[in-house]
Amino acid sequence: MGTVRVIRAPKLQGFGLVSKGISKLHIGTTVFQEMIAISVTTTMRTVKVLVIESVGPNLDAVIGFLKCFPCLERLYVISRQCNEMKNVLKYDPLDPECLELHLKRVALENYFGNMADVDFAKFFVLNAK
């Protein structure tokens, strides 16, 4: 497990593979710890593509990344099998903006069709425009 720091990347368009193998991720002043946003104070509007890997569908982690990358157009989620979805945060439909304005494609790799996977996919179907 390691720490990754992105101090400044004004032309960065793609980001990934982000996984739990990165114990701490610093993007400007935004901090993610084990994929969960601890503080989202920096946004990178140039990033259009994000690839993340998680054990089971982790909606909290994904929403944190969507807040950090508000102009994201394509999201690729590689999921490792788990029977429960990690989702303890409440979703505000006005935040993140990429669900309302930018996100065009969500691809789920290793979709097993269990209830957690269905709930994860349903979130995007119901909330993305």
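Reader: Contact means heavy atoms within 4.5 Å. Among contacts between residues at least 6 apart in sequence, what share joins residues at least 24 apart?

Author: In this chain, 69% of them do. One caution on the source: this is a predicted model, where local features need pLDDT of at least 70, side-chain atom pairs count only at pLDDT 80 or more, and totals for chains, interfaces and linings use all residues. Residues are numbered from 1 along each chain as its sequence is written, and side-chain values use heavy atoms, with hydrogens and water left out.

Reader: Fine. How many helices and strands?

Author: Three helices and eight strands. Helices (H or I, at least four residues) and strands (E, at least two) are DSSP runs, numbered from the N terminus.

Reader: In which order along the sequence?

Author: The pattern reads β-β-β-β-β-β-α-β-α-β-α.

Reader: How much of the chain is buried?

Author: Of its 129 residues, 41% are. Buried means under 20% relative accessible area, exposed means over 50%, and partly exposed lies in between (1.4 Å probe, protein chains only).

Reader: Which residues touch the most other members in the largest nonpolar core?

Author: Phe-15, Leu-50, Phe-65, Phe-69 and Phe-124, in a core of 29 residues. Strands E2 (14-18), E3 (22-27), E6 (49-55) and E7 (74-80) are among the elements that each supply at least two core residues, as are helices H1 (59-68), H2 (97-101) and H3. H1 gives the most, with seven residues. A nonpolar core here is a set of buried Ala, Val, Leu, Ile, Met, Phe, Trp, Tyr and Cys residues joined through side-chain atoms within 4.5 Å.

Reader: What does Phe-124 touch?

Author: Leaving out residues up to four places away in sequence, Phe-124 touches Leu-59, Val-62, Leu-66, Leu-75, Leu-99, Leu-103 and Val-106.

Reader: Met-115: buried or exposed?

Author: Met-115 sits in helix H3. Its relative accessibility is 57%, so Met-115 counts as exposed.

Reader: New topic, the backbone. Which peptide bond is cis, from Gly-16 to what?

Author: To Leu-17, with omega near 10°. Leu-17 is in strand E2. Most residues other than glycine have a negative phi, and most peptide bonds are trans.

Reader: What is phi at Glu-34?

Author: Near 50°, a positive value in a residue other than glycine. Glu-34 lies in the loop between strands E4 (30-33) and E5 (36-39). Glu-34 is partly exposed, because its relative accessibility is 35%.

Reader: And what is phi at Asn-110?

Author: About 70°, also positive and not a glycine. Asn-110 is in the loop between E8 and H3, partly exposed at 29% relative accessible area.

Reader: Last one. His-26: buried or exposed?

Author: Buried, because its relative accessible area is 15%. His-26 is in strand E3 and touches Thr-3, Val-4, Arg-5, Val-6 and Val-31, not counting residues up to four places away in sequence.
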